[in-house]
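The text then walks from whole chains down to single residues.

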Amino acid sequence: MAHGIIHSHLPRVLVVRPPDSFYLYQSQHSHKFHFLKAWESPLPLDQFLSTHARNVQTMLSCGRFPIDVDLLCLLPSLRLVVTPSAGLNHIDLSECRSRGVAVANAGSVASCDVADLAVGLLIDVLRKISVADRYVKQGLWTSKTSYSLGSKLRGKRIGIVGLGSIGQEVAKRLEAFGCSISYNSRKQKQSFSYPFYSNVVELSANSDALVICCGLSDQTHHLINKEVLLALGKEGVIINVGRGAIIDEKEMVQCLVQGDIGGAGLDVFENEPSIPKELFAMDNVVLSPHRGAFTHETLTSMREIAVGNLEAFFSNKPLPSRVMDD
Amino acid sequence: MESICVLMPIPMNSYLEQELQKRFNLLKLWTAPQKPQFIKEHADSIRAVVGNSAAGADAELIEALPRLEIVSSFSVGVDKINLAKCREKGIRVTNTPDVLTEDVADLAIGLMLAVLRRLCESDRYVRSGKWKRGDYKLTTKFSGKTVGIIGLGRIGMAVAKRAEAFNCPICYYSRTEKSDTKYKYYPSVVELASNCQILVVACPLTEETRHIVNREVMNALGPKGVLINIGRGPHVDEPELVSALIEGRLGGAGLDVYEHEPEVPEELFGLENVVLLPHVGSATVETRKEMADLVLGNLEAHFSNKPLLTPLV
C-alpha cells in the first residue's frame, strides 16, 4: 500500500518498534493517524528518520525501546512522546523536557492490575500456592503426606516502597486482609495516615514484607541493597512489581540462597527474560514473566488512553495523562 | 486427666498430638495394625474423639464407643461427624470457628488471583525457560469482577470484605436473605451463578448443600466464569466439574477441596485454567496452633465440668 500518498493528510505518528497488540492500533485507528512504521523499513533507523520523520511531531513508544538523546536528535520536530506503559524509565525525561517534548503515559489505568499481581504474589509466597499446585499436579498428594504450613496474612507489617497510584492500590487491598501498612516514598504524602519512613532500611527493619511499587530512576537504582535485605530478615518477603533494577538482584539471590530473607515474589528482573538460575530451585520464590499490567482489559485501556493523548494533541486539547515534572 | 483416653483417628498436627499426650492418654488409631481390633480393645475407656475435616465420628464409631462423651473437631466443618447421633446420645461436639476464618478467606482470594492472572502457570512458564522464547500471554483482570458467594457466614463475609477492596461487586445466595447486609441477594444458586463472574463456595456441607454446584450452575457460570471451592469437595459435582472444564463450558476453577481427598481427578492436572491445592485453607503455623489450642481448651473444659468454648452440640 502506498501509505505516504493516500494517507498524507492524516496526522503522522512515528512508531520505531511496535507496542504490544499494535495490529489493534492499526485496525482501529488508521483512519485517524498515519503510523510511520520504522521497523518495517529496510533502511537503518537513522536513515529512515532523516528521510521520513523530519517533520513528525508525535511518537508512539513501545514501552521498551529507549527514547534517548541519540533518538531525539534525529527528530527535530517532535513535540510529544506517548508511551502506553505506566513505566517511564526507557525515556530520557530531562532530555525531553529541555527539548520541549511532552510525554504522556498510561496514567493509572494499569495500577489495579499491577496491585492485584503484587497482592497475588504475596499471598502465593506466604500460602505456598504455586508450590502446592505443582505438588498436587505431580500427583504427590497422598494420605501419608501432609503439606508444609504457610504463614498467616493478618498482622503482617507491609512496607510499601513508593506510594504512588500502584502503591496506594496495594495498601488498600492489603488493609482488607488485616495487614498494617507503612511506606517510603520520595516525599511524605499528607493525605495518607500510614506511618512514613524516610529511610528504606528503617522501613525494611519494621516490615515483614516489602512491596516495591516505585518507578526506576537514578535515585531508585539498586535502592533495595544488601543492607535493606538483611534488615528485612530471615522471615521477610520481598515482592517486586516495579522494575528489576530497583533491587540489587545479585545480592537478593545471595540472601535467598543463604536464608537471610524468607522468600520473594518477582514480576520483574534486571535482565529480562534472563533470570538467575538459582531462583529456579527455590520453593519460597514465585516468578512471573513481567505481566503486571498485561490483562486484556488493561491493554485495551492503555491503547485507548494512548490514542486519547494523540487525539488531544492533534486537536490542541490538554493531554489526558501528561507526565508532569515533580 | 492423664488417664482419660482420647482417640485420634489420623495424624493432623504434631503440636496438638504432643499437648494431648501431656494431658491425656492419647490413642493414635493410625498406628494400630488392626483398627477395628484396637477400637474394641479400648472401647470401654475412650471418652473423647479428636477429629478433623478428613475423619470424624460416624454412626459406627459412635456406637462402638459406649463411654464417648465429647467429639472435638480440629476443623470448623463437621460433616464427618454424625451430629444427630451425638445429640441422641448426649455427646458434646466442638469445632474451631473464627480462628481459621481469615486464612480460608485469604486463600479464596489467592485462588481467584492465581486462576485469573495465571500465577501458577506463568511461574511454570518462567521455570521451564519458555520466557526466553516469547512473552506469556495476556490474562484477565481480577479487580472489578463480580464475586458471587454461596453462604454468607463468617467465611463468606470475610471473602466479601476482601473482594470489596479490589472493587468487586458482591452478591450471594443463602438459605434466607440477610437483612443486615448491602450485598445483592439471589434466591437460587443458578441465578447467582448467572449474575457473577467468580463463584465461591463458602457454606457448610449438609444433606441440602451436597452437589449445590451442579451442571446447571456451572453452565450458568459459563465459559468466562470461575469456580472457587474452599468449602467441601462434595459441594461440587466433581465429574460434572471435570467435563465442564474440559469442554470449556466453565472458564476456570480454583480448588482446595475434593470429593475423595487426597484423590484429585487427573484430567485436571494439565489444565492451565485450574489451580489445585491440597486442602490447605487453614494451613498456617499461626492458625493451626490456635485451632489446636481450641481443641485442647474444649476438652479441658469438658473434663473439668466447665462451659465448653465452642460447642456445636
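What follows takes the chains in turn, then the cysteines, the backbone and one leucine.

This is a predicted model: local features need pLDDT of at least 70, side-chain atom pairs count only at pLDDT 80 or more, and totals for chains, interfaces and linings use all residues. Residues are numbered from 1 along each chain as its sequence is written, chains are lettered from A and ligands numbered from 1 in the order in which they are written, and side-chain values use heavy atoms, with hydrogens and water left out.

Start with chain A. It has 12 helices and 11 strands. Both kinds of element are DSSP runs, numbered from the N terminus: helices are H or I with at least four residues, strands are E with at least two. The C-alpha atoms fill a box of roughly 75 × 50 × 35 Å along the principal axes.

How much of chain A is buried? Of its 326 residues, 55% are. Buried means under 20% relative accessible area, exposed means over 50%, and partly exposed lies in between, with a 1.4 Å probe and protein chains only. Contacts, meaning heavy atoms within 4.5 Å, tell of the fold as well. Among the contacts in chain A with a separation of 6 or more, 58% join residues 24 or more positions apart. The accessible surface of chain A comes to about 14100 Å², and carbon and sulfur atoms account for 50% of that. Such areas come from the Shrake-Rupley method with a 1.4 Å probe; for residues, only the protein chains shown count as cover.

Now the charges of chain A. There are 32 positive and 32 negative side chains, and the centres of the two sets lie 4 Å apart. Lys and Arg count as positive, Asp and Glu as negative; His and the chain ends are not counted. Each charge is placed at NZ of Lys, CZ of Arg, CG of Asp or CD of Glu.

Turn to chain B. It has 11 helices and 12 strands. Its C-alpha trace spans about 65 × 50 × 30 Å along the principal axes. For 313 residues, a compact globule would have a radius of gyration near 20 Å; chain B has 21 Å, which agrees. Buried residues make up 61% of the chain. Of the chain B contacts with a separation of 6 or more, 58% are between residues 24 or more positions apart. The accessible surface of chain B is about 12900 Å², with 49% belonging to carbon and sulfur atoms. Chain B carries 37 positive and 40 negative charges, and their mean positions are 4 Å apart.

A:C73 is partly exposed, at 48% relative accessible area. For A:C112, the nearest cysteine sulfur belongs to B:C168, 9.8 Å away. A:C112 is buried, at 15%.

The backbone has some points to check. Most residues other than glycine have a negative phi, and most peptide bonds are trans. A cis peptide bond joins A:E272 and A:P273, with omega about 0 degrees. A:P273 sits in the loop between β10 (263-266) and β11 (285-287) of chain A. In chain B, the bond from B:E261 to B:P262 is cis, with omega near 5 degrees. B:P262 lies in the loop between β11 (252-255) and β12 (274-276) of chain B.

Positive phi comes next. B:H279 has a phi near 50 degrees and is not a glycine. It is found in the loop between β12 and α11 (285-303) of chain B. Is B:H279 buried or exposed? It is buried, at 18% relative accessible area. B:N305 has a positive phi of about 55 degrees, again without being a glycine. B:N305 is in the segment after α11 of chain B. It is exposed, at 76%.

Finish at B:L29. This residue lies in the loop between β2 (25-28) and α2 (35-42) of chain B. B:L29 is buried, with a relative accessible area of 10%. Leaving aside neighbours within four places in sequence, B:L29 contacts B:L7, B:M8, B:P9, B:K35, B:F38 and B:I39. B:A114 is 85 residues from B:L29 in sequence and 37 Å away in space, C-alpha to C-alpha.

Note on methods. Disulfide = S-S within 2.5 Å. Rg over C-alpha atoms; globule rule 2.2 N^0.38 Å.
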